[in-house]
Amino acid sequence: MTALPIPASIAESPAASQPLLQAVEKQFGLVPNAFRLIGTSPASLEGFLALSGALGKGQLDPATRGRLALAVAESNGCDYCLSAHTYIGKNLIKLSEAEMIANRDGGSTDPKAAAAVHFAKEVVRTRGHVADADLKAVKDGYSDAQIIEIVMHVALNTLTNYANVVGRAAIDFPVVTSKAAA
């Protein structure tokens with residue numbers, strides 16, 4: 001059951017959200033429920049899209065960003081985001097099933113990526129109060145700027161995780177269930 005009403009279309013969304021949702025539709029060919037849910041608050045949609053767009057221009061490659069999204073969604077028990085990012089990981093980023101399982105568990109089949117994913121999981125688990133050893137481990141493969149981007153990706157994904165969990169958005173991707181929900 002959806003806890004918060006989600007507009008059924010762009011036309012039913014607030015007027016200020018409509019051009020932003022049209023841009024999402026142009027980019028993806030559709031408007032997933034998560035965007036229409038967030039779009040019930042035009043300011044929230046604008047902020048989410050701005051942060052997402054800015055981080056997309058950052059130093060972390062799409063595969064690393066996808067890995068982080070999977071790790072954070074699993075940590076936060078967000079089946080909507082886990083389903084969406086599994087679909088994206090498989091079909092757009094071309095991550096293997098083994099890689100995505102490792103990401104959800106806080107690791108990676110790639111040693112460098114494993115450090116970023118583990119660090120992201122620790123940021124979620126400790127609410128940012130990471131141990132010195134975890135910070136040192138991620139610094140061995142990532143610059144200070146990239147570490148800040150990892151933290152910002154945790155924040156961005158946590159925003160959408162929480163919005164979708166609270167809003168109980170219907171999953172419009174092949175369903176993947178988090179271990180926390182199972």
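Me: Why is Lys139 called partly exposed?
Reply: The model is predicted, and the values are computed from it. Lys139 has a relative accessible area of 45%. Buried means under 20% and exposed means over 50%. The 45% of Lys139 falls in between, so Lys139 is partly exposed.

Me: What makes Asp144 and Lys139 a salt bridge?
Reply: Their closest N and O atoms are 3.3 Å apart. The cut-off is 4 Å. The distance of 3.3 Å is within 4 Å, so the pair counts.

Me: How do you know that Lys136 forms a salt bridge with Asp140?
Reply: Their closest N and O atoms are 3.8 Å apart. That is within 4 Å, so this pair counts too.

Me: Are Lys136 and Asp140 buried or exposed?
Reply: Lys136 has 54% relative accessibility. Asp140 has a relative accessible area of 61%. Exposed means over 50%, so Lys136 is exposed, and Asp140 is exposed as well.

Me: What makes Arg67 and Glu99 a salt bridge?
Reply: Their side chains meet at 2.5 Å, N to O. That is within 4 Å, so the contact is a salt bridge. Both residues are buried.

Me: Why is the Arg67 and Glu99 pair said to tie parts together?
Reply: Arg67 lies in helix H4, residues 62-76. Glu99 lies in helix H6, residues 97-104. The parts are 32 residues apart in sequence, so the pair ties them together.

Me: How many salt bridges does the rule give?
Reply: The count comes to six.

Me: Why is the pair of Tyr87 and Phe173 called tilted?
Reply: The ring centres are 5.7 Å apart. That is within 6.5 Å, so the rings pair. The planes are 50° apart. Stacked needs under 30 degrees and edge-to-face needs over 60, so 50° counts as tilted.

Me: What parts of the chain does this pair link?
Reply: Tyr87 is in helix H5, residues 79-93. Phe173 is in the segment after helix H9 (144-167).

Me: Why is Phe173 called buried?
Reply: Phe173 has 18% relative accessibility. That is under 20%, so Phe173 counts as buried. Tyr87, at 37%, counts as partly exposed.

Me: How many aromatic pairs are there, and which residues form a cluster?
Reply: The structure holds four aromatic pairs. Phe28, Phe35 and Phe48 form one aromatic cluster.

Me: Where does the charged end of Lys112 sit?
Reply: It sits over the ring of Tyr142, 4.8 Å from the ring centre. The distance cut-off is 6 Å, so 4.8 Å is within it.

Technical notes. Residues numbered from 1 in each chain as written. Predicted model: local features only at pLDDT ≥ 70, side-chain atom pairs only at ≥ 80, totals over all residues. Heavy atoms only, no water. Phe/Tyr/Trp six-rings, centres within 6.5 Å; stacked < 30°, edge-to-face > 60°. Helix = DSSP H or I, 4+ residues; strand = E, 2+ residues; numbered from the N terminus. Buried < 20%, exposed > 50% of the residue type's maximum accessible area, 1.4 Å probe, protein only. Lys NZ or Arg CZ within 6 Å of the ring centre and 35° of its normal.
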